[in-house]
Amino acid sequence: ALLTSSAPKRIMKNMENELLRFDKKSTFVFIDCETLNLCLNFCQNLPWQVSMIKTVGGKKIDEKDLLIKWDTKLKISEDAKRITRYSQEKVDRLGKTFDAVFPCIEEWLDSCDYIVGHNILGFDIYLIKEMYLLKNKRIDHLTEKVIDTNCIAKGVKFPVDKMPNEDLIDYQYKLLHTRRKGVKTNQAALGKEYKIEHDYEKLHDAIVDLELNLKLWNKLKFQI
C-alpha cells in the first residue's frame, strides 16, 4: 500500500550515475519518530516526538524538534519511556497539538528532494502514512524519495546485487528483510565501526539519532 508502480526512477538514475555523493544542490530531510510503542498504526501507537534535519551538500541548514500532545487514552510503554528518557513534564510544557505541527512536517517532506531515515522503511514511514491519513492525504508522492540508511548499510555489507531493472525502493525493501548472522547495521554499531564521534549515551532522542544518521549517510554514500 505504500508503494506505487512509478517508484523511484529519479533516485535510481542518480544512484547509478554516482551523483548523490557529489550532489551539492538537492535538499535532504532526515526524519525520526519517537513513539509510545512499536506498533505501526495509530490505533495502538502515536508519535510523541518528530524530529527533522534539513541538509544541502551534506551539511545541516535547519532542524525541527517537534513534541506532540495527543488527546488520547494511550499510554507510553515502560520500555519506550526508559529507552527514550520520555518526560511527560517536557511534553506538557513544550508539546503542541498535531494540527499545529503537521503543516511543518508536510512542508518539509513534500518540498525536499530526498527523505532519509534509519529503518524508515521498517517503521517511520508507517507513522508518516498515518499522519497524512489523519489529514485525508496520501504519501504516494513521498515513497519515491525515501532512502533508508539501514538498507543502504546492508547493501554495503551483504553480497546482494541490485538487478538492472530493479527499482531502488524494491531493492531497499529486499535488504530490509535480509539478515546475516553477526552483522549489525543499527546506528550505534555502524557509528562505532566507522569511528564516528557522537554522544552515543543520548541515542533514542530523535534529534540526537538524526545527527548520527547524517554522519552515517555522509560515510555510506561513498560506499554504495
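Colleague: What does the model rest on, and how are residues numbered?

Modeller: The model is predicted, so local features need pLDDT of at least 70 and side-chain atom pairs count only at pLDDT 80 or more, while totals for chains, interfaces and linings use all residues. Residues are numbered from 1 along each chain as its sequence is written, and side-chain values use heavy atoms, with hydrogens and water left out.

Colleague: How many helices and strands are in the chain, and what makes a run count?

Modeller: There are 10 helices and 6 strands. Helices are DSSP runs of H or I with at least four residues, strands are runs of E with at least two, and both are numbered from the N terminus.

Colleague: Why does the radius of gyration of the chain agree with a compact globule?

Modeller: The rule, taken over C-alpha atoms, is 2.2 Å times the number of residues to the power 0.38. For 224 residues that gives a value near 17 Å, and the chain has 17 Å, so the two agree. The C-alpha trace spans about 50 × 40 × 35 Å along its principal axes.

Colleague: Which strands make up the open sheet, and in what order?

Modeller: The order is β4-β3-β2-β1-β5-β6, with mixed pairing. The edge strands, β4 (96-97) and β6 (146-148), each pair on one side only. Two strands pair if DSSP finds at least two bridges between them.

Colleague: How do you know that β3 and β4 pair?

Modeller: They have 2 bridges, in the parallel sense, and the criterion asks for at least two, so they count as paired. Lys69 has Thr97 of β4 as its bridge partner.

Colleague: What makes β2 and β3 a hairpin?

Modeller: Strand β2 (residues 47-56) and strand β3 (residues 59-69) are antiparallel over 8 bridges, and 2 residues lie between them. Gly57 in the turn has a positive phi of about 65 degrees. Thr55 stands opposite Lys60 in β3.

Colleague: Which strands does β5 pair with?

Modeller: Strand β5 (residues 114-117) runs parallel to β1 (residues 27-35), joined by 3 bridges, and it pairs with β6 in the parallel sense, also over 3 bridges. Val29 has Ile115 as its partner in β5, and Val116 stands opposite Ile147 in β6.

Colleague: What makes both faces of β5 covered?

Modeller: Tyr114 and Val116 on one side, and Ile115 and Gly117 on the other, are all buried. Buried means under 20% relative accessible area, exposed over 50%, and partly exposed in between, with a 1.4 Å probe and protein chains only. By this count 51% of the 224 residues are buried.

Colleague: Why is Gln172 called buried?

Modeller: Gln172, in helix α8 (residues 168-176), has 1% relative accessibility, and therefore it counts as buried.

Colleague: Which residues is Gln172 in contact with?

Modeller: Contact means heavy atoms within 4.5 Å. Leaving aside neighbours within four places in sequence, Gln172 is in contact with Leu121, Val146, Ile147, Asp148, Cys151 and Ile152.
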